[in-house]
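Visitor: I'm new here, could you walk me through this one?
Guide: Happy to. Have a look first, then ask away.

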Amino acid sequence: MTRRTPDQARELSLLLPKLFLQFFSSTSLVLEDDTGVKAFLVGFHSADNDDVAYIHFVGVDPKLRGQGVARRLYTAFLQRAAEAGREEVRAITSPANTGSIAFHRAMGFDLEEGDREIDGLPVHSDYDGPGQDRVCFYKRIAPRAGS
Ligand SMILES: CC(C)(COP(=O)(O)OP(=O)(O)OC[C@H]1O[C@@H](n2cnc3c(N)ncnc32)[C@H](O)[C@@H]1OP(=O)(O)O)[C@@H](O)C(=O)NCCC(=O)NCCS
């Protein structure tokens with residue numbers, strides 16, 4: 001397993017300020033047992049676009065990875081989003097997060113065209129600020145009208 005650098009670990013931890021737990025809990029998911037949180041998915045239904053749901057962050061205890069835990073969380077989120085009338089789910093990740101990219105591809109997400117490519121990946125330069133490039137994913141969860 002490739003270990004994260006301290007900077008990469010810090011970057012990931014900054015993705016979870018308390019506001020997500022305060023204001024997005026009804027669309028987020030947590031898997032826990034009597035020893036604590038084992039996995040979570042923080043996501044929400046867009047306030048600006050009624051068609052879109054967004055997955056902000058998913059994390060699985062390293063000891064539980066590779067067993068379908070994140071797949072189950074995503075499947076539950078996608079199902080609830082579809083039931084709520086959402087038609088598309090979106091997510092982003094850093095180009096360096098190869099595990100996340102492989103996971104989203106395995107979950108059937110497509111990669112949105114970027115303004116350049118890194119190792120064949122479409123990348124959106126400076127998406128989240130200077131030097132903060134991102135890969136953007138989308139997955140349709142409702143049939144297109146007429147199909
Ligand atoms: C990415 C992450 C959530 C995957 O969780 P997981 O529970 O191990 O994933 P699953 O076991 O449900 O895998 C589902 C599919 O994705 C694939 N996949 C998951 N992680 C993968 C990896 N690192 N490399 C290649 N494929 C991977 C699996 O092979 C599986 O495919 P399959 O169902 O076709 O066999 C987990 O590695 C993690 O918590 N990473 C750290 C946090 C992070 O980077 N989150 C994403 C950024 S928002």
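**A loop residue and some charged pairs**

Guide: Let's start with S46, which sits in the loop between β2 (36–45) and β3 (52–60). Keep in mind that this is a predicted model.

Visitor: Is S46 buried or exposed?
Guide: Buried means under 20% relative accessible area. S46 has a relative accessible area of 15%, so the label for S46 is buried.

Visitor: Which residues is S46 in contact with, leaving aside its neighbours within four places in sequence?
Guide: Contact here means heavy atoms within 4.5 Å. Once those sequence neighbours are set aside, the partners of S46 are V52, A53 and R86.

Visitor: On to charges: how many salt bridges are there?
Guide: Side chains of opposite charge can pair when their charged atoms come close. To count, a side-chain nitrogen of Lys or Arg has to be within 4 Å of a carboxyl oxygen of Asp or Glu. By this rule the number of salt bridges is six.

Visitor: Which residue does D61 form a salt bridge with?
Guide: Look for a nitrogen close to the D61 carboxyl group: the closest N and O atoms of the pair are 3.8 Å apart. The cut-off is within 4 Å. That makes the partner of D61 residue K38.

Visitor: And how many residues apart in sequence are the parts that this pair ties together?
Guide: D61 and K38 form a salt bridge. D61 lies in the loop between β3 and α3 (69–83), while K38 is in strand β2, so the parts tied together are 23 residues apart in sequence.

Visitor: Is K38 buried or exposed?
Guide: The limit for buried is under 20%. D61 is buried at 15%. With a relative accessible area of 18%, K38 is also buried.

Visitor: How far apart are the closest N and O atoms of D133 and R116?
Guide: D133 forms a salt bridge with R116. The closest N and O atoms of that pair are apart by 2.3 Å.

Visitor: Last one: which residues are linked in a network of salt bridges?
Guide: Here the salt bridges join up into a network. Its members are E88, R90 and E112.

Definitions and conventions. Residues numbered from 1 in each chain as written. Predicted model: local features only at pLDDT ≥ 70, side-chain atom pairs only at ≥ 80, totals over all residues. Heavy atoms only, no water. Helix = DSSP H or I, 4+ residues; strand = E, 2+ residues; numbered from the N terminus. Buried < 20%, exposed > 50% of the residue type's maximum accessible area, 1.4 Å probe, protein only.
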